[in-house]
Amino acid sequence: MANATPKLEKRKDRNGELIIKKVPILIDFTFDGKRMWLSTGEHIDSNKWDEKNNRVKPSVTGSMEMNLLIQSKCDEIQKVYREAIIANRQPTPSYIRNTLNADKTVNKKSLFALYDEFIEGYKLKATNATVKKLSTNRKHLFEFGQKKRISIDFDVIDNAFFNKYVEYFQVEKKHINSTISKNIKILKWFLDWSTKLGYNKNLAYKAFQVRNQESEIIILTADELFHLYNLEIEQDYLRQVRDVFCFCCFTSLRYSDVKNLKKTDVVDGFINITTIKTKSRVNIPLIHESITILNRYKGLIGARSLPVISNQKMNDYLKDIGKLAGLNRLISKVRYRGSQRIENIYPLHELLSSHMGRKTFVSYMFKMGIDSELIRAISNHKSVSSFARYNKIDDDQKAVAMTVAFSKVS
């Protein structure tokens with residue numbers, strides 16, 4: 001039987017008084033009638049330590065991170081002991097100590113070298129957009145270390161590091177909470193990978209979280225969509241962008257999927273594809289407007305169904321098209337940077353993007369009372385939580401409901 005228990009060191013000062021400030025946290029490891037003490041590298045004042053439960057008191061700032069780190073060290077010691085038993089080795093105190101020390105030096109790779117391996121591993125199984133996000137996240141972390149003169153390795157990523165990193169995003173990068181939250185999630189993704197492969201023993205990152213307010217879903221109304229669809233546009237390149245965007249509105253396709261759409265993917269009034277993002281099969285019925293758009297480009301050279309340009313250029317041209325169409329409905333966008341509320345008003349045409357097509361499709365289907373599972377079968381949303389955000393009751397529905405309700409009273 002082996003037990004690893006974190007305890008405070010009982011050491012006295014020169015006056016014979018028990019030291020109570022910055023006391024080392026040790027691990028009392030007992031096994032096979034033997035006992036040894038191992039350092040965690042952590043220190044704490046004795047009044048912040050829960051002697052009964054052998055942990056940092058919950059009321060102490062950063063207690064969750066410290067307790068996770070201490071527990072990970074206990075688990076590491078237990079693992080060395082179990083592996084010795086399985087290998088028919090006699091686990092002595094010197095063997096356990098030497099093995100733990102060897103783990104710190106053998107095959108030591110820098111955090112950024114491992115991040116490069118992490119990114120490389122996803123180049124063959126993830127989309128280019130995902131790989132770009134990972135590369136950007138690594139760049140943020142590297143630049144933060146350089147700017148703050150921090151040698152970033154797994155051991156330094158604790159609660160204090162996290163707070164400084166978030167502050168860096170807020171103050172110097174001017175990022176809003178939703179952007180910061182995405183960056184922290186990607187960093188935790190990398191740290192999870194590193195932990196599973198045994199490179200990282202510091203689990204403090206698991207408690208990292210940025211409070212993020214849910215952003216508004218901005219869509220076209222049915223009138224705006226069909227006004228755009230029927231709009232006379234002289235320039236060929238703008239007309240083509242409009243057609244591709246409307247096609248996304250009528251089919252729920254992502255930009256990556258409409259760009260990849262081939263003539264052979266359209267069979268008997270259905271789109272049959274394996275989506276780029278989720279790598280799953282989906283069959284989408286084509287309505288009259290979708291078929292009309294496809295027919296406009298039947299003579300397109302090559303295998304493609306539609307003349308799709310780069311996403312960045314498409315988004316730029318969509319704003320020009322929206323302005324030409326008079327899509328000037330004012331939209332209020334509220335964002336947060338820390339606790340600071342940032343509200344801006346934009347005309348709708350300034351916010352048009354390729355992804356709004358997919359959002360418009362799902363939101364419109366919900367408004368029409370279509371069953372959510374049927375909508376999801378078409379849109380191919382994998383995340384239930386992100387899909388559920390579209391099921392909002394709009395202002396017209398509220399007004400009708402209130403009018404009906406109060407008319408019964410009068």
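Student: Which residue in E3 stands opposite Val23?

Tutor: Before the name, some ground rules: this is a predicted model in which local features need pLDDT of at least 70 and side-chain atom pairs count only at pLDDT 80 or more, while totals for chains, interfaces and linings use all residues. Residues are numbered from 1 along each chain as its sequence is written, and side-chain values use heavy atoms, leaving out hydrogens and water. Strands (E, at least two residues) and helices (H or I, at least four) are DSSP runs, numbered from the N terminus. Opposite Val23, E3 places Ile44.

Student: Over how many bridges do strand E2 and E3 pair?

Tutor: Two strands count as paired if DSSP finds at least two bridges between them. Strand E2 covers residues 23-31, and its antiparallel bridges to E3 number nine.

Student: Which strands stand at the edges of the sheet?

Tutor: The open sheet has three strands in the order E1-E2-E3, with antiparallel pairing. An edge strand has a single partner, so one of its sides is left without a neighbour in the sheet; this applies to E1 (2-8) and E3 (34-44).

Student: And what does the twist average from one strand to the next?

Tutor: Angles here run from 0 to 180 degrees between N-to-C directions, with axes fitted to C-alpha atoms (for helices, over the stretch in contact). From one strand to the next, the twist averages 20°.

Student: Which helix lies across E1, E2 and E3?

Tutor: The helix in question runs at about 30° to E2. Spanning residues 63-86, the helix across these strands is H1.

Student: Is Asp50 buried or exposed?

Tutor: Asp50 lies in strand E4, residues 49-50. Buried means under 20% relative accessible area and exposed means over 50%, with partly exposed in between (1.4 Å probe, protein chains only). Asp50 has 17% relative accessibility, so it counts as buried.

Student: At what distance does the side chain of Asp50 reach the backbone nitrogen of Lys52?

Tutor: A polar contact is a pair of N or O atoms within 3.5 Å; within protein, one must be able to donate a hydrogen and the other to accept it, and sequence-adjacent residues count only if both atoms are side-chain atoms. From the side chain of Asp50 to the backbone nitrogen of Lys52, the distance is 3.1 Å.

Student: What is the relative accessibility of Asn177?

Tutor: Asn177 is placed in helix H6, residues 177-196. Leaving aside residues up to four places away in sequence, its contacts (heavy atoms within 4.5 Å) include Gln170, Arg211 and Tyr336. Asn177 counts as buried because its relative accessibility is 4%.

Student: How many aromatic pairs does the structure hold?

Tutor: Rings of Phe, Tyr and Trp (its six-membered ring) pair if their centres lie within 6.5 Å; planes under 30 degrees apart are stacked, over 60 edge-to-face, and the rest tilted. By that rule, the number of aromatic pairs is 26.

Student: What kind of pair do Phe118 and Trp189 make?

Tutor: Their ring centres are 5.5 Å apart and their planes stand at 90°, so the pair is edge-to-face. Phe118 lies in helix H3 (residues 111-122) and Trp189 in helix H6, so the pair ties together parts 71 residues apart in sequence. Phe118 is buried at 1% relative accessibility, whereas Trp189 is partly exposed at 32%. Going by the 90° between planes, the kind is edge-to-face.
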